[in-house]
Amino acid sequence: MTDIISVKPGEEGYRNATTTKRSNQVLQAEGVVILKARKSGNSHVQHSNDPNKKPSCGPWAAIIRNRRLIVAGFALLVMGVLAAPLAAQETAPIDGPGGIRQLGDVLELKAKALSRELKNEASRLTEQLTGTEVKTYPYRDRPFARAQSYHFERDVRPIIDKKCVACHSCYEAPCQLNLAHPQGLERGASKTPVYDGFRLRDSAPTRLHIDAQTTAAWRNKGFFSVLDATEPAIGGASGSLLLKFLELGRSRPLAADKPVRDQVELGLARTNSCPAPGQFADHAAENVHGGMPLAVTGLSDGEYQVVSTWLREGARIDAMLPQLSAPEAAFLGQAEAWLNRPDDRAQLVARYIYEHLFMAHLYLEKPAPGKPPRFFQMIRSSTPPGQPVVPLATVRPNDPPNGPFYYRIFPVSDRIVHKTHITYRFDAARLAFYDQLFLQPGWSVSEMPDYSEAFRSNPFITFKAIPAKARYQFLLEDAEFVVRNFIRGPVCNGEVATYVIRDQFWVMFADPSFEHYVNDPAYQSRVNDLLGVPGQKTALSQLGPEWVRYQEQRNAYQNSRQQAYNSRFPQGPRLQHIWRGNGSNENAFLTVFRHHTNASVTQGWRGEYPLTAWLMDYPLIERTFYELVVGFDVFANVSHQVQARLYFDLIRNEGETNFLGLLPPASRQAIYDDWYQADAKIKAQVIYNKLDTTSPGIIPDTSPRPKEEFFATLMSEQPALTQSTDLINRCDGACADNERQSVSARINGALRLLAARQARAVSGIRWLPEVSFLRINLPDGRFLAYSILRNRRHSNVAFIFGESLRRQEDLDSLTILPELIGSYPNMIFQVDLNDLEIFSNALASVNSDNAFDTVLSRWGVLRMAPDFWDVFHSFTDHVSRTNPLEAGIYDMNRYGTW
């Protein structure tokens, strides 16, 4: 799930005074499909209807003679941004001068929009075509002052944790400077970005702790030091790059308590300036406000004194290695012995478990009050238990190991950042569960699978010896963990995947007692070959053939599935075919929220009734996991990344059509057409499998609102697991009247002014970003934390490019929850309880930049606010108290230019 199109603050939900906001919507007006440009904020779009452009004869002949239309139309169709005019025969003819003129205007305007989106990638593409080589840097031993004024772990690292890690962690750390661990500080920075959706060749992986073990090795991989004192600093003495960046920030500070919109470029689309040794003077001249921390309240005088002194004294790092307690060491020894048993059945099960847990932060016990939790990670090591861990540097967990290996578990020593923190309980009870689930008699291994392409690309063949029902129950037991892996898993920035999902949808699962695949071995054998996932062949020449092959296989599987279910359940599905978590498992019903370039998962059905929902069975959830987690390579080229994104589009479509199969057949086409408007009508005809509109469903044909009736029926039956009570987003008048006059009632009433209402009725929604954290300060000094999530509507989410052309901004809405959703807050509001209703009314009525600035000035937490870091980290502290297993440092790379 990597970056294909980056968006600057101010576009697609961010607001930036220097960037106009455009929202284009395909509408049907008087029987003709046209493109309407709607004013949003303080900007507008115009297009011409010049009568001099009218054709002299029939419309299609004119199109053929008009090379501009042919080229633009073909390119846009391939990229997925051509709207319905090419299929306009379904709605109205394009006869006459008006029709051809409208079609020409549509294509011209969309071509311009596509050009704007592509030009930001031109420089990267040029570098790939010219084959830019990775520069290496010399390794130097740093001289240290004999007397050290400060200790790294005790004095320096807490400052880095507070004011650096929020931007510098994971793959998207600017210049790959990862400060979540001391080794990242020693490794330094690189000019090569990890996220590059258009690279033509695979990039060498640069995973901290894995792809190099020494600083000298990182220098040979293109990383330069930020700690070596090699050049004169601003103050005159020799200084490191890190010291010079800190001094630049102090010498040219931004104004306190003022927005930073016009002074520095921010956001994921910015080109990070990564000056290597010898280049800082030019960087400072061109980026006068480019000091660190970037465009945010900097280090206090005391913090600067500590860090600058430590740097000038040689930046000695005395990192403390994590020590295992006796119970931890005993259990890890037991677990490693369990994972490395030599018999074939145990080895196949261990491989299956490892390939599903390699991203997990394992915890051995729930934390005691006041004791922070400890986390561990499972890897493949070339060394056996009892010896130091030496990780295999394979890119993917199922790549060939090239020699003997052992499954090992070791402590996580990086600072926990929320965006990569995916927790999983792993204790003695879990091992007993695995024994009971997987290793009961009744199955055997006739031939162990290897790590060839055929097995890597198809887990249904690799693990076919393990009973399929056991595999499915393993996934259902911790379904939120599984979904969280592919929603925010192997990467921290996910447009490849997030471009193909809605901003809010509900997920449910097929009950294993009725799910057809896990109950019919003959059916498994018939369809297993159709269930592979693409991405193993990454040559550019393979992109087209691989996509066609896997798309055809997927559609063939869908046909087989439909026939099998019609045969097994001729009367249609029943409500008991939906998994209810055995009455107590809170993983049964999930909600996914997309926040443009990233997404979140939470338990229960949250927010208003969604536009779409997914029904996932075993083949669907397993394929999704292997396509987007196990088989995904963030360092791979454009061919691999596009294959993953296109296949996830099919996965989304499959989950949605599985859900439609529960609704009355007569209603399905209309609902489907509402999901796949405009451009997607063509794709639905050409790429997707034909929609079943005949098989019986659960809801009666007479229902006027079958989708909502289905949700309401299941929520009334399973109120606890679906979290059917929602006093903010799904509360009618009677619900509100029954609330007690408590603090929560006051908050619910105030926030209902904003929640689950569309932007055409609540104008302020247009000015909100994707994720806002709301801190409500109580009179007793405590505070409550809420999330305000903007759900952006689209006519469809079926294509890579041109997303803004499918926006339906009038239909945007907000979900407001009494918990923190998302890893990347774009905005923080801080409101006293007594002001909450005033705040909600003011935010709801915003209709201009000035009005929004008024709200910001009173309740917004600006980047340059003196207390910014205290407020920002107060949310991590809050989660540490209320749900310590899930607490981690939030990321501010997407925080707006407020």
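## Terms and basis

Contact means heavy atoms within 4.5 Å. Helices (H or I, at least four residues) and strands (E, at least two) are DSSP runs, numbered from the N terminus. The model is predicted: local features need pLDDT of at least 70, side-chain atom pairs count only at pLDDT 80 or more, and totals for chains, interfaces and linings use all residues. Residues are numbered from 1 along each chain as its sequence is written, and side-chain values use heavy atoms, with hydrogens and water left out.

## Confidence

pLDDT is the predictor's confidence in each residue, from 0 to 100. Its mean over the chain is 85, and 83% of the residues reach 70 or more. Residues 1-101 have pLDDT below 50; this stretch still has 229 contacts in the model beyond near neighbours in sequence. Residues 233-237 are also below 50, with 11 contacts beyond near neighbours in sequence.

## Whole chain

The chain has 32 helices and 18 strands. Of its 898 residues, 60% are buried. Buried means under 20% relative accessible area, exposed over 50%, and partly exposed in between (1.4 Å probe, protein chains only). Among contacts with a separation of 6 or more, 78% join residues 24 or more positions apart.

The accessible surface comes to about 35400 Å². Carbon and sulfur atoms hold 52% of that surface. Areas come from the Shrake-Rupley method with a 1.4 Å probe; for residues, only the protein chains shown count as cover.

## Helix 5

Helix 5 spans residues 152-163. Nine of its 12 residues are buried, so helix 5 is largely enclosed by the rest of the structure. The buried set includes Phe-152, Val-156, Ile-159 and Ile-160. It also includes Glu-153, Asp-155, Arg-157, Asp-161 and Lys-163. The cover over these residues includes helix 6 (182-187), helix 10 and helix 32 (868-882).

## The disulfide

The structure holds one disulfide, defined as a pair of cysteine sulfur atoms within 2.5 Å. Cys-175 and Cys-274 form the link, with S to S at 2.0 Å. The angle about the S-S bond is -90°, and the link is left-handed. The pair links distant parts of the chain, 99 residues apart. Cys-175 lies in the loop between helix 5 and helix 6, and Cys-274 in the loop between helix 8 (241-251) and helix 9.

Both ends are buried: Cys-175 has 14% relative accessibility, and Cys-274 has a relative accessible area of 11%. Cys-164 is in no disulfide; its nearest cysteine sulfur, that of Cys-167, is 8.8 Å away. Cys-167 is in no disulfide either.

Val-288 sits in the loop between helix 9 (280-286) and helix 10 (301-312). Val-288 is partly exposed, at 31% relative accessible area. Not counting residues up to four places away in sequence, Val-288 touches Leu-248 and Arg-252.

Glu-328 belongs to helix 11 (residues 326-339). Glu-328 is buried, with a relative accessible area of 13%. With residues up to four places away in sequence left out, Glu-328 touches Gln-323, Leu-364, Arg-374 and Phe-376.

## Sheet 13-12-11-14

Four strands make this open sheet, in the order 13-12-11-14 with mixed pairing. Two strands pair if DSSP finds at least two bridges between them. Strand 13 (599-603) and strand 14 (612-616) stand at the edges. Each has a single partner strand, so one side of each is left without a neighbour in the sheet. The twist averages 25° from one strand to the next.

Strand 11 (residues 504-509) pairs with strand 12 (residues 590-594) in the antiparallel sense, over four bridges. Val-507 has Leu-590 of strand 12 as its bridge partner.

## Sheet 17-16-15-18

This open sheet of four strands has the order 17-16-15-18, and its pairing is mixed. Strand 17 (813-817) and strand 18 (827-832) are the edge strands, each pairing on one side only. The average twist is 25° from one strand to the next.

Strand 15 (residues 771-777) and strand 18 run parallel, paired over six bridges. Ile-776 has Val-831 of strand 18 as its bridge partner. Helix 30 (residues 836-844) packs on the sheet and touches strand 15 and strand 18. The direction of helix 30 makes about 140° with that of strand 18. Axes are lines fitted to C-alpha atoms, for helices over the stretch in contact, and angles run from 0 to 180 degrees between N-to-C directions.
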